[in-house]
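I opened my notebook to look up a few features of one protein chain.

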Amino acid sequence: MSFHNLGIAPQLFQILEHHKFTVPTPIQAQSIPIAISGKDVMGIAQTGTGKTLAFGIPMVQRLAQKRGAMGLALLPTRELALQVEEALQKFTRPLGLKTVCLIGGESMSPQLRGLRNNPDIIIATPGRLIDHLDRKSARLDKVSILILDEADHMLDMGFAPQLNRIMTVVPKERQTMLFSATMAPAIVRIATSYMKLPVRVEVAPQGTAVETVTQELFFVAHMEKLTLLEKLLNEYQGSVLVFTRTKFIAKRIALSLRNHGFTAAEIHSNRSQGQRREALDGFKVGRYRVLVATDIAARGIDVSGIEVVINYDLPEKAEDYVHRIGRTARAGKTGRAISFATPDQRGNVKDIERLTRLTLPIAGHVGVIPSSVANTPDSVRPFHPTRRRSGFHSRRRR
């Protein structure tokens, strides 16, 4: 399979070749021809399988062919909106198409300038787009293509009222594309109310985790989590993304790691947009080896080469587990996902296993550390939080 036979225009195909996109992912191969034909699409695929290009290439091609029309892409988080704009600009700039990104936490001035520049594509979070609609600085009457990316997350985290408001001002005659890694039946019913006879493209059942992720589970007492995290950071040398449930825990972990010699940054709702961008950019270029984040980043981090994702806290919803671990093993690469669970969270683990249709391999129980960390392949020995192997401190300070 190649991009040759998907109906992509020659100039777009040249851009794909320039950026060394040669083989489409399954969601791209199945969605692009349908979307180019103008049909509504509901796409379900694992995180990290190329959904942005699956809707981005058809949208850019159709807008280039029909000047004066507009595209609108709605995303649940600021980070994801910025990521999508960056991906789309590889294709829009060579074709002379203009984009504007409307997200909260940033000054209105550059967004107003971008809107006055008559953009061809608006990428936005629902709340900030509503702000511009209230100010009458944004008009959506020329929208002919609407994208709902991570649609289940938007609808499930309370964006339904904003989406309903936006739907009242976009033209009814439009193409709508909806993409996500998970999609519960109730959310599908809500989403289809925005669409006309959508073609459902499902390259993997919802909740399916990427096959190239090695998953493991530690049952560990809450007070021992931080020590176990530090041990793991000394066993794996690559970049590590750590997820917590709350911003307060994220801040505490990042501070503790920095105090112990690790380069660590944090992303959560108490950080300004500038701080969040600096943390993510620093993580991308290796200035920070560890990024500690709440679920605000589960669907907005596209960083190649993340070696390990660690669920310091299990997510509140099983669906978020799939999005979290999808931050590693992207684009066919391998990766590792390690989760910490306290003894009273066996029910949460079962929820994740039911969704993913997998049994999470138990790497260690309360009071023990697994052989993979202890370097004793065929045994499991007691885990003493205060007893560290020789050289632990010196390696950590480097």
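My entries follow, one topic at a time.

**Entry 1: the model**

I noted at the start that this is a predicted model.

**Entry 2: salt bridges**

How many salt bridges does a search of the whole structure find? I got 15. I then looked at some of them by name.

I began with glutamate 106 and arginine 277, whose side chains form a salt bridge at 2.5 Å, N to O. Glutamate 106 sits in the loop between strand 3 (99–102) and helix 5 (108–116), and arginine 277 sits in helix 12 (residues 273–285), so this pair ties together parts 171 residues apart in sequence. I checked the exposure of both partners. Glutamate 106 is partly exposed, with a relative accessible area of 26%. Arginine 277 is partly exposed too, with 35%.

Next I took glutamate 216 and arginine 336. Their side chains meet in a salt bridge at 2.8 Å, N to O. Glutamate 216 belongs to strand 8 (residues 213–219) and arginine 336 to strand 13 (residues 335–341), so the pair ties together parts that are 120 residues apart in sequence. Is glutamate 216 buried or exposed? I found 9% relative accessibility for glutamate 216, so this residue counts as buried, the cut-off being under 20%. Arginine 336 is partly exposed, with a relative accessible area of 24%.

Then I turned to aspartate 313 and lysine 225. The closest N and O atoms of this salt bridge are 2.9 Å apart. The two residues link distant parts of the chain, 88 residues apart. Aspartate 313 is in the loop between strand 12 (306–311) and helix 13 (318–325), while lysine 225 is in helix 10 (residues 225–235). I looked up the burial of each. Aspartate 313 counts as buried at 7% relative accessibility. Lysine 225 is buried, with a relative accessible area of 2%.

**Entry 3: helix 10**

Lysine 225 made me look at the rest of its helix. How many of the residues of helix 10 are buried? I read 10 of 11, so helix 10 is mostly covered. Among the buried ones are Lys225, Leu226, Thr227, Glu230 and Asn234.

**Entry 4: nonpolar cores**

I reminded myself that nonpolar side chains tend to be buried together in soluble globular proteins. Here the largest nonpolar core has 40 residues. Those with the most contacts inside this core are Phe3, Ile8, Leu12, Ile57, Ile123 and Met177. Several elements give two or more residues to this core, including helix 1 (10–18), helix 4 (78–95) and strand 6 (175–180). Which element gives the largest share? I found helix 3, with seven residues.

Leaving aside neighbours within four places in sequence, methionine 177 is in contact with Ala35, Val41, Phe55, Ile145, Leu146, Ile147 and Leu148.

**Entry 5: positive phi**

I placed lysine 136 in the loop between helix 6 (126–135) and strand 5. Lysine 136 is exposed, with a relative accessible area of 72%.

Arginine 357, which is not a glycine either, has a positive phi near 55°. Arginine 357 lies in the loop between helix 14 (346–356) and strand 14 (362–364). At 48% relative accessibility, arginine 357 counts as partly exposed.

Terms used: Residues are numbered from 1 along each chain as its sequence is written. This is a predicted model: local features need pLDDT of at least 70, side-chain atom pairs count only at pLDDT 80 or more; totals for chains, interfaces and linings use all residues. Side-chain values use heavy atoms; hydrogens and water are left out. A salt bridge is a side-chain nitrogen of Lys or Arg within 4 Å of a carboxyl oxygen of Asp or Glu. Helices (H or I, at least four residues) and strands (E, at least two) are DSSP runs, numbered from the N terminus. Buried means under 20% relative accessible area, exposed over 50%, partly exposed in between (1.4 Å probe, protein chains only). A nonpolar core is a set of buried Ala, Val, Leu, Ile, Met, Phe, Trp, Tyr and Cys residues joined through side-chain atoms within 4.5 Å. Contact means heavy atoms within 4.5 Å.
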